Amino acid sequence: MNWNILLQQIVNGISLGGVYALMAVGFGLIFNVLKFSNFSHGGVVTLTAYIGFFLTKYLVANFIVTFLATAILGGLAAVVIERLVFRPIRRKGYPISMLIVNSITVAMLVQQFFAVTLGSDYYTYPIFIKETALHLGDLTVSKIYLLMLSISAVVLGALSYVLRKTKIGIAIRAASSDISTPSLMGVNVDFVISVAFFFSGVLGGITGYLLGMTFTVDPFVGSMILKGIIASILGGMGSILGGVIAGLLLGAAESLLIAEIGAALTPIVIYGAIILLLLIRPQGIAGRITEVKA
Amino acid sequence: MEILKVEGISKHFGGVVAVENFSMSQGENQISGIIGPNGAGKTTVFNLITGATPVDQGRVLFMEREITRLPAHCRADLGIARTFQNIRLFRNLSVLDNMKVAHDMKVGYTLWEEMLRLPRVRKLERSIDEKARHFLTYLGLESYADQKPQNLPYGIQRRLELARTLMTEPRILLLDEPAAGLNPHEVRGLMETIRKIQEENSLTIVIVEHHMELIMNICSLIHVLDFGKKIAEGEPEAIKKNEQVLQAYLGEEV
Amino acid sequence: MFYLKVLEITSLYTILVLGVYLMTGLTGLFSLGQGGFVSIGAYTAAIAFLRFGVPFPIALALAVVMGAVLGFLVGIPTLRLRRDYFLLVTFGLGEMVRAGLLYLAQLTGGALGMAGLPRKAGLPLILGSIVVITFITYSLKRSRFGRDCIAIRDDELAASMMGINVYAHKMKVFIISSATTAYGGALYAFNILFIEPNLFNWLESAKLIIITFVGGLNSIAGVIAASAIYYSFGEFFRFIDVWRDVLLAVVVVLVIIFRPGGLFQGLSLLPSKLKAMRRGR
């Protein structure tokens with residue numbers, strides 16, 4: 001077995017896995033706080049992939065500026081979605097299934113909107129990095145992948161810090177256990193939820209930008225969200241760390257499998273394995289089983 | 001005959017002990033109560049008995065038959081009925097249908113027969129309908145038959161939950177905070193209703209409650225829980241004077 | 001001629017919507033893998049007919065059986081999962097079916113799909129099917145089984161406390177739903193005359209769910225109406241066809257917020273007089 005190629009695949013896979021991890025965390029944040037699966041996250045990812053592209057094209061072709069701008073715009077988009085689409089449902093006390101359906105609808109809206117307006121064109125981000133590969137000993141690693149990986153690592157690290165050390169971060173974590181806790185801390189619950197969505201959207205924006213930059217920009221970028229959701233579940237709904245680990249593993253596994261058995265068979269194996277895992281250990285890697293309160 | 005016997009049941013969630021080594025015994029035609037400060041584990045005890053939550057340790061016996069591993073719906077079929085702290089009526093079904101659902105398990109026709117709408121099915125449906133209306137009338141609810149539960153006044157909803165349990169042909173009723181949210185007048189009505197149901201249907205009843213007047217008045221035996229453990233058991237008079245009970249409730253409104 | 005075609009397509013898709021309604025409206029299960037069953041039904045019938053020379057009616061029956069059997073097998077492990085997980089597992093299964101169909105190219109024609117199917121599923125068959133399926137759905141909903149399922153949808157825990165075997169009910173519904181969807185897929189194959197693995201992806205499955213919600217979870221007539229409008233719209237107004245989905249999305253969001261019972265929530269299959277008569281009895 002050629003260890004070099006294997007290692008290369010793993011590194012590539014982990015880089016992609018970093019993006020999955022970002023998605024898993026972005027998704028998991030909302031799941032923790034509001035207890036539902038927010039499919040609109042995929043819509044945010046697609047939206048920001050396009051936004052990032054247009055920023056680089058019409059504003060300035062600078063990586064850092066457009067990257068940060070996209071991230072922030074992603075956060076804002078998520079907040080807007082929360083206000084318009086989810087808050088009214090929460091206010092009226094409808095069952096969670098309604099939230100889920102609405103989130104799927106938003107994802108569909110974004111995808112179809114772009115498919116209709118811009119779908120037929122191919123957009124690619126400008127090339128930020130000359131000389132695309134890095135040579136580490138025998139390994140040839142794509143610089144872009146490395147960039148993705150490092151950005152993911154930094155972002156997740158920063159998020160972890162925010163969640164642990166800042167007041168709003170703690171409020172978010174408190175809200176995850178019990179939605180009424182923040183008010184006991186003197187923080188408005190709606191505000192906490194908006195901030196959680198903002199963070200989630202920022203992660204989504206980063207994801208969209210990275211995906212757009214590394215691959216192409218098309219309306220279906222957001223469908224990757226499902227892999228992120230799967231990673232989130234595998235990691236244990238509610239565990240950020242679990243989501244990260246699962247995301248990385250998923251990326252690595254996918255990469256290896258594609259190399260070994262081809263892109264046709266890989267989905268079957270991956271989804272089959274995921275289903276099996278869920279059946280054997282429904283709480284995922286690090287999650288807890290939550291009981292329904294009678 | 002001992003209707004219900006619980007031997008040393010325990011349950012933890014993660015690191016938290018919800019119930020520890022709880023035992024009780026319930027005979028026929030008895031009304032007993034379970035009290036304790038908030039979070040003492042009272043509802044969990046009900047969940048363990050009804051099978052909504054599996055026990056970690058211990059045994060549950062119903063009519064002298066072990067049901068510890070039996071799934072919840074089977075226990076309901078055997079005759080264990082319960083109401084809930086937060087009213088759990090079916091919002092998308094009418095009051096009448098809510099009643100019917102509780103009796104459906106007892107009627108024996110298959111899905112195929114249903115799809116073909118055989119005459120036998122229609123006859124059985126009629127009998128379910130009659131029974132549902134009968135119990136609605138029994139508790140004075142017949143005028144609400146076609147409405148949706150969420151449109152009804154709170155006190156009426158509570159009564160409906162009670163009526164619904166009767167449709168399951170129960171041997172034992174587990175009432176979880178039946179007086180919560182009722183005004184004093186309604187509570188007195190509730191006490192009368194519970195007594196009436198017990199006498200006329202030869203039921204045995206266990207009530208979880210915070211409302212002391214209710215408990216002290218209609219229960220013959222009281223179990224007291226604190227932090228998941230039973231700290232006292234006895235007749236109302238004895239419990240009222242029990243040191244440990246008073247301590248557990250210190251700061252609580254009695 | 002054109003109108004008949006529209007009627008055909010609309011009815012075809014409505015059969016699929018009813019399949020989803022059976023599942024989501026009755027027990028509250030959401031499946032993003034319905035597309036998988038459509039494909040399975042379509043391919044089973046097509047392969048049986050084209051490759052094995054099985055007569056058309058038998059091919060249809062095979063599709064139904066396949067749908068039911070697979071529904072059962074899929075249901076065994078998955079129906080115990082909570083709603084979100086079930087949603088994702090069904091998505092995974094839908095993708096697996098898609099990948100499988102692509103991979104088994106020898107049997108299925110792979111990415112090129114299968115063509116050369118004769119037009120055996122004409123308007124009479126489709127309309128007849130929809131009438132029967134609607135009747136079955138209606139019977140189920142009004143029956144004891146139906147109200148038990150709605151109880152499950154409303155509150156699983158309370159339903160089990162009333163003696164309802166939640167798992168068994170979900171399984172029965174899932175099997176019926178899968179069989180119906182597979183049947184719809186088979187009809188599709190013999191009407192549209194071309195099938196390929198990407199026929200029905202998760203987004204199309206999601207659309208079926210969304211249309212069901214717009215129609216109203218408690219109203220069969222509402223669901224049929226919503227489906228009829230959506231799918232015929234696309235045919236009549238070709239120029240806004242592409243915007244149709246965006247419009248749908250906006251409508252859905254508004255409906256869920258302001259009229260959660262569904263756009264057509266009051267609509268009933270029986271005229272209201274008849275209903276009142278039944279109640280009076």
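Q: What makes strand 4 and strand 5 of chain B a pair?
A: Two strands pair if DSSP finds at least two bridges between them. Strands are DSSP runs (E, at least two residues) and helices are runs of H or I (at least four residues), numbered from the N terminus. Leu61(B) stands opposite Glu66(B) in strand 5 of chain B.

Q: What kind of model is this, and how are its parts numbered?
A: This is a predicted model, in which local features need pLDDT of at least 70, side-chain atom pairs count only at pLDDT 80 or more, and totals for chains, interfaces and linings use all residues. Residues are numbered from 1 along each chain as its sequence is written, while chains are lettered from A and ligands numbered from 1 in the order in which they are written.

Q: Why are strand 2 and strand 5 of chain B called edge strands?
A: The open sheet of four strands in chain B has the order 2-1-4-5, with antiparallel pairing. Strand 2 (16-26) and strand 5 (65-66) of chain B each pair on one side only.

Q: How do you know that the span of helix 11 of chain C agrees with expectation?
A: The expected span is 1.5 Å times one less than the number of residues. Helix 11 (residues 220-236) of chain C has 17 residues and should span 24 Å; its end C-alpha atoms are 24 Å apart, which agrees.

Q: Why is helix 8 of chain A described as largely enclosed by the rest of the structure?
A: A residue is buried if 20 or more other C-beta atoms, placed from the backbone, lie within 10 Å of its own; it is exposed if 12 or fewer do, and partly exposed in between. In helix 8 of chain A, 21 of the 26 residues are buried, so this helix is largely enclosed. Helix 8 (residues 189-214) of chain A reaches 37 Å from its first C-alpha to its last, close to the 38 Å expected.

Q: What makes residues of chain A and chain C count as in contact?
A: Their C-beta atoms, placed from the backbone, must lie within 7 Å. By this criterion, 34 residues of chain A are in contact with 34 residues of chain C. Helix 4 (96-117) of chain A gives the most to the side of chain A that touches chain C, with twelve residues.

Technical notes. Contact = placed C-beta atoms within 7 Å.
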